[in-house]
Amino acid sequence: MDTVIQELISKELQRQRHGIELIASENFTSYEVMKAMGTCLTNKYAEGYPGKRYYGGCEVVDEIETIAIERLKELFGAEYANVQPHSGAQANAAIFLACLQAGDTVLGFDLSHGGHLSHGSPVNFSGKVYHPVFYGVQPDTGLIDMDEVEQIALKERPKLMICGASAYSRDWDYARFRAIADQVGALLLADIAHPAGLISKGLLNDPLQHCHIVSSTTHKTLRGPRGGIIMMGKNFDNPWGRTTKKGNPIKMSAILNSGVFPGMQGGPLEHIIAAKAISFGEALSDSFKTYGQQVIDNAQVLAQAFEANGYKIISGGTDNHLMLIDLRSKGDLTGRDLENALVKADITINKNMVPFDDRSPFVTSGIRIGTSAMTSRGFGTSEFEKVFEWIDHIVAHIENEEAISRVRKEVNRFMDDYPLYPEI
C-alpha cells in the first residue's frame, strides 16, 4: 500500500468533512457514484462507440455506455448525446473541431464578465486557433444586453455563437440568442456546465429547444463525476444542411461524434461513464427536483443576506446556484485576501474577477459563491443564513487570527451534524 498517498487522501476527506464548500463548480457525488469511479472498468480500453469499437472485449462497457446515453437523453429530452468527453472544456474543443475551421469567428461571453476559458479566451485553444469576439454585461445592471449581442453578431458575422458562463447568476434567453444566430447564419452552442442539473428538472430555461448544440460538465449541479457531455435536441441533426459529394445529408450527430473520437481524444474513461450513468439515474428521480429547488432557494437567501448588508451582487441577485460578489463596496478588501482568510476558517470559496475589474486575475475584486455542494450536505436556508454570518464576521475581522480561529472551531462543530460519506 502507498501509505503516503493514502494518508493524503484521508487528509482531503477530513478537509471536506469538516469544512463548508462554497465553490460554485464543486459538489459532492453520492457514494454510489464515487464507488463506480474506482472499479475495474478503468482497465478497459474502448476506442470508438458502442457496437463500433476498435478493440475486442467491449461487450459489457458497450451496455454501460448505452445506458448512460439513454438516461442522459431521457433526462434532458435530447435526441442525441455523447457521454465520452473527459471534461466540459474537451466537449467544447470537440465541438469547435467538428464544426469550425481554424480562424473562424466565434462570439462568446467575455471571461472577465463571467464567461469561460473555452469560449474564446486568448490564453485558451479557443482563442488561439479561432478568432474570438465577445459580448459582456452592462456596467449599471450587470446583465447581458441582448440588443448589444445582436449588434456585435451583425457586425462580426460569427460562425459559432456561445451562450453560457462560469460566473453569471441569471437565466439565459436562448430563444433570442437563436433568433440572432439565425440572422447571421451562425451555429448556436449553449454551454450549461453550471446550471445543467437545474435545467434538467425544468427549474431554468431549456436550451435544447433553441440551441443547435448543448455542452455541459457532469459535476456541479448535476452531482455526477467530473466529466463532459454533448447533446442535441430534436430537429437539429443537420442544421447547416451539409451533404456528401453524392448529395446525401450528413448528420450533425456523426460530425460531433467524430469531433470527440478520433478528433479530440482516444479511449473513453469507462469507469467515469459508469459513474455518469448512475448520476443520470439519480437525476431522473423526483427527489432531484426537490434538491434543485433547494439549491436555488439557498442561493437566493444567501444573496439577499449579502445585499442587505452592503455587499454588491453582480446583476442584483441570482436565478441559479451561484452569485458573483463585488467586494469594492467593502473598501480595499480583495478577493484573494478574503479567500485566504476564509480558507483558514475552513470555508472554501474562490476569488473571482468581476466585470470591469481593476485588479489582476491573481488578486481580483470579487468572490464567487455557490450553494450546490452544501445543499447536497443537507443545508437549507437557515444554515445558509449562518454561513453568511460567518463570512461577514471574517470580513469585519480579516486580519484577526483569533477571530478567524474561533469561526473555524464553530464551523467544524457545526459540520459534525452533516456527515459526509459515513460509509468510509
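**Notes on the predicted model**

1. Let's start with G56, which is exposed, at a relative accessible area of 59% (buried is under 20% relative accessible area, exposed over 50% and partly exposed in between, with a 1.4 Å probe and protein chains only). You'll find G56 in the loop between β3 (52-53) and α3 (59-76); helices (H or I, at least four residues) and strands (E, at least two) are DSSP runs, numbered from the N terminus.

2. A word on the ground rules. This is a predicted model, where local features need pLDDT of at least 70 and side-chain atom pairs count only at pLDDT 80 or more, while totals for chains, interfaces and linings use all residues. Residues are numbered from 1 along each chain as its sequence is written, and side-chain values use heavy atoms, with hydrogens and water left out.

3. Now the overall build. The protein has 15 helices and 15 strands. Its radius of gyration is 22 Å, close to the 22 Å that the globule rule gives for 424 residues, so the protein is as compact as a globular protein of that length (the radius is taken over C-alpha atoms, and the rule is 2.2 Å times the number of residues to the power 0.38). Along the principal axes, the C-alpha atoms fill a box of roughly 75 × 55 × 40 Å. Buried residues account for 55% of the 424.

4. On to the rings. The whole structure holds 20 aromatic pairs; rings of Phe, Tyr and Trp (its six-membered ring) pair if their centres lie within 6.5 Å, and planes under 30 degrees apart count as stacked, over 60 as edge-to-face and the rest as tilted. Take F96 and F125: their ring centres are 5.5 Å apart and their planes meet at 70 degrees, so this pair is edge-to-face. F96 belongs to helix α4 (residues 88-99) and F125 to helix α5 (residues 125-128), so the pair ties together parts that are 29 residues apart in sequence. F96 is buried at 0% relative accessible area, whereas F125, at 25%, is partly exposed.

5. W172 and F177 make a tilted pair, 5.8 Å centre to centre with 45 degrees between the planes. W172 is buried at 7%, and F177 is buried too, at 1%.

6. R223 sits in the loop between β9 (213-217) and β10 (228-232) and has a positive phi of about 65 degrees although it is not a glycine. R223 also lies over the face of Y291, 5.4 Å from the ring centre (the test is NZ of Lys or CZ of Arg within 6 Å of the ring centre and within 35 degrees of the ring normal). R377 has its charged end over the ring of F28, 5.5 Å from the centre.

7. Last, some backbone spots to check by eye. T364, in the loop between β14 (350-352) and β15 (366-370), has a positive phi of about 65 degrees without being a glycine. T364 is buried, at 1%. The peptide bond from F261 to P262 is cis, with omega near 10 degrees.
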